[in-house]
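Me: I have a model open and want to learn how to read it. Please take me through it feature by feature.

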Amino acid sequence: QTYTNWEMLIIDDFSTDNTVEMLKEFSSEKRIIYHKRKGENGGAQVCRNLGIEMAKGEYLILLDSDDLLTKTCVENRVKFITENSELDFAVFPTIIFGWEFPDYDTYWNLPNQEDDIARFLNWDPAWQTASVIWKSEALTRIYPFNQNTLSFQDIEIHIKAIIEGLKYKFLLTETDNFHRE
């Protein structure tokens, strides 16, 4: 990332891939914090809650293993949300890709005239998890993610943010993140 004041929390929920071996090449990078969960596999919602609790930053971007950021993503998002201090979070366009990046360039979704809650409830999610930069204090007002929901917890937290009146804005600029479909 071109922005240098960041930390990355990797919450390992009993992965069976080569996560630990891959992280060895970054072992000297103090901004990357690895945390192996104990107990049983908890799912994304448990890992997100733990990551939010552990995070020290003023802003948060939640990523899953199938998300990618451009090298200027954090810098551009922090600049935007700092300049728009009235916002609790900001939403940026996401491009979907398949198995090989970039094999197609379909937008996850873009704003339209329909109410954002209605879009989420009609299975037309207005944005994806990695599309958002949150002010940490705003996200901690509405979290935790529901740990009993096995999937789509991100949709629930986004609806909760809107219902609770968190202020947000779509930014229709250069796409800065990608999601594997």
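Me: Is Asp88 buried or exposed?

Reply: Buried means under 20% relative accessible area, exposed over 50%, and partly exposed in between (1.4 Å probe, protein chains only). Asp88 has 10% relative accessibility, so Asp88 counts as buried. A caution on sources: this is a predicted model, where local features need pLDDT of at least 70, side-chain atom pairs count only at pLDDT 80 or more, and totals for chains, interfaces and linings use all residues. Residues are numbered from 1 along each chain as its sequence is written, and side-chain values use heavy atoms, with hydrogens and water left out.

Me: Which residue forms a salt bridge with Asp88?

Reply: A salt bridge is a side-chain nitrogen of Lys or Arg within 4 Å of a carboxyl oxygen of Asp or Glu. Here the partner is Arg141, with the closest N and O atoms 3.7 Å apart. Arg141 lies in helix H5 and Asp88 in the loop between H3 and S5, so the pair ties together parts 53 residues apart in sequence. Helices (H or I, at least four residues) and strands (E, at least two) are DSSP runs, numbered from the N terminus. Shared partners join Asp88, Glu137 and Arg141 into one salt-bridge network. Arg141 itself is partly exposed, at 49%.

Me: How many salt bridges are there by this rule?

Reply: The count is 8. One of them joins Arg77 to Asp176, with the closest N and O atoms 2.8 Å apart. Arg77 sits in helix H3 and Asp176 in the loop between S9 and strand S10, 99 residues apart. Arg77 counts as buried, at 0% relative accessibility. Asp176 is buried too, at 3%.

Me: Which residues of the largest nonpolar core touch the most other members?

Reply: A nonpolar core is a set of buried Ala, Val, Leu, Ile, Met, Phe, Trp, Tyr and Cys residues joined through side-chain atoms within 4.5 Å. Of the 21 residues in this one, Phe89, Phe120, Trp127, Trp134, Leu139, Ile142 and Leu166 touch the most other members. Helix H6 gives the largest share, 5 residues. Another core, of 10 residues, lies apart and includes Ile81 and Phe92.

Me: In what order do the strands of the open sheet run?

Reply: Two strands pair if DSSP finds at least two bridges between them. Here 4 strands form an open sheet, S3-S8-S5-S9, with mixed pairing. S3 and S9 are the edge strands; each pairs on one side only. S5 and S8 pair in the antiparallel sense over 3 bridges. Val91 stands opposite Val132 in S8.
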